[in-house]
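Hi,

Here's the structure I promised to pass on. Have a look at it first, and then read my notes below.

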Amino acid sequence: MNVAPDGGAYYLILFILGTLIGSYLNVVSLRFSREEGFRASRKGRSHCPHCDKTLKWYELIPLLSFLIQRGKCRSCPWRISLQYPIVELLAGLSLVLTPWQLGWSPLTILWILAFLLFILIAAIDLRLGIIPDKLNILVAVLGLLVALLVYFGSGLDTSFLGSYALLFQLGEGSFWVHRLAGAMFGLVFFGGIYLFTRGKAMGLGDVKLAGAIGFLLGWPDIALALVLAFFVGSIFAIPLLLMKRKTLKDALPFGPFIVAGVTLVFFFGYHIINGYFYLFNFY
Ligand SMILES: [Zn+2]
């Protein structure tokens with residue numbers, strides 16, 4: 001079902017469209033607050049958070065404005081948050097790399113939406129240390145749509161682990177058993193850590209996100225995604241602990257690491273498992 005036209009111009013257009021969506025995600029994520037939720041994201045034009053000047057169109061071009069202005073406001077010495085170009089870049093890449101990985105089908109659209117949602121979740125969790133319920137519900141809804149699409153239509157692989165998924169199959173378990181098992185695994189695994197550490201290692205938002213993503217990925221992919229989340233998390237946490245910038249008591253926002261885990265499974269799941277078994281067999 002790969003109907004993607006080829007060529008650099010086509011990918012460039014997708015990338016630019018992605019960066020535009022990314023700058024919208026920046027607005028939504030930065031205007032989100034604990035008190036008001038997403039309500040503020042519909043209000044008003046973009047302005048500098050420091051000098052309050054309303055931004056002109058040429059100050060709002062994704063990536064380019066940041067580069068040309070060298071990360072500074074044009075009217076005051078305010079340094080623009082690195083979040084802006086990073087989110088724009090990641091959203092651009094989501095629109096390019098998802099069809100590159102899956103080809104084009106309705107499934108591709110749903111996964112692009114999932115990645116855009118993940119970017120929003122990571123940005124809000126990094127800034128405020130919370131994952132809004134609304135976003136977790138949207139992930140679960142996307143999971144349901146992906147599952148229905150795979151089940152009734154495309155006949156595409158349901159696992160990103162390729163043939164290795166068969167090794168972890170749950171008996172005669174049907175498609176839906178594997179989906180629900182994925183959600184259960186996420187909830188029980190992270191719920192257990194939440195209870196065991198009395199909410200210090202992660203928040204309830206992380207538990208809900210793990211469940212929603214478990215439903216989206218299904219078993220066994222979710223297991224690899226969450227193991228990789230810890231792996232990536234420790235790569236970031238260990239230097240911070242060693243430099244004494246953080247102690248074990250400060251929780252790192254875990255949402256971004258869960259998102260990183262899913263992304264790694266989506267793009268490299270088969271190769272990671274393959275590499276693991278290769279090492280396991282030969283050493
Ligand atoms: Zn300013």
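A quick definition before the findings: a pocket here is an open set of grid points with protein on both sides within 12 Å along at least five of seven lines. Keep in mind that this is a predicted model.

The largest pocket has a volume of about 810 Å³. It is lined by 26 residues, and those closest to its centre are L90, A122, P256, V259 and A260. Helices α3, α4 (106–128), α8 (221–242) and α9 (255–282) each give at least two residues to this lining, with α9 providing the largest share, eight residues. By type, the lining has 22 nonpolar residues, three polar and one charged. Domain 1 (1–104) and domain 2 (132–283) both contribute to the lining, so the largest pocket lies between them.

The second largest pocket holds about 660 Å³ of space. Of its 27 lining residues, S46, H47, P49, L55 and Y84 are the closest to the centre. Here α1, α2 and α3 each supply at least two residues, and the largest share, five residues, comes from α1. The lining splits into 15 nonpolar, seven polar and five charged residues.

Then there's the zinc ion. Its protein donors are the SG atoms of C48, C51, C73 and C76, at 2.3 to 2.4 Å. The angles among the four donor atoms run from 106 to 115°, and the site is tetrahedral. Along the sequence, the donor residues follow the spacing C-x2-C-x21-C-x2-C. C51, in the loop between α1 (8–31) and α2 (64–68), and C73, in the loop between α2 and α3 (83–102), are 22 residues apart, so this pair links distant parts of the chain. C51 is partly exposed at 32% relative accessibility, whereas C73 is buried at 10%.

Cheers

Note on methods: Residues are numbered from 1 along each chain as its sequence is written. This is a predicted model: local features need pLDDT of at least 70, side-chain atom pairs count only at pLDDT 80 or more; totals for chains, interfaces and linings use all residues. Side-chain values use heavy atoms; hydrogens and water are left out. Donors are N, O and S atoms within 2.8 Å of the metal (3.2 Å for Na, K and Ca); water is not among the atoms, so sites may look incomplete. Four donors count as tetrahedral if all angles lie between 85 and 135 degrees; four count as square planar and six as octahedral if opposite donors are over 155 degrees apart and all others between 65 and 115; anything else is irregular. Helices (H or I, at least four residues) and strands (E, at least two) are DSSP runs, numbered from the N terminus. Buried means under 20% relative accessible area, exposed over 50%, partly exposed in between (1.4 Å probe, protein chains only). On a 1 Å grid over the protein atoms alone, a cavity is a set of points where a 1.4 Å probe fits but cannot get out, and a pocket is an open set with protein on both sides within 12 Å along at least five of seven lines; lining residues have an atom within 4 Å of a point. Grid points are joined across faces, edges and corners, and a volume is the space filled by probe spheres set on the points. Ala, Val, Leu, Ile, Met, Phe, Trp, Tyr, Cys and Pro count as nonpolar, Asp, Glu, Lys and Arg as charged, and the others, Gly among them, as polar. Domain bounds come from an automatic or database domain assignment.
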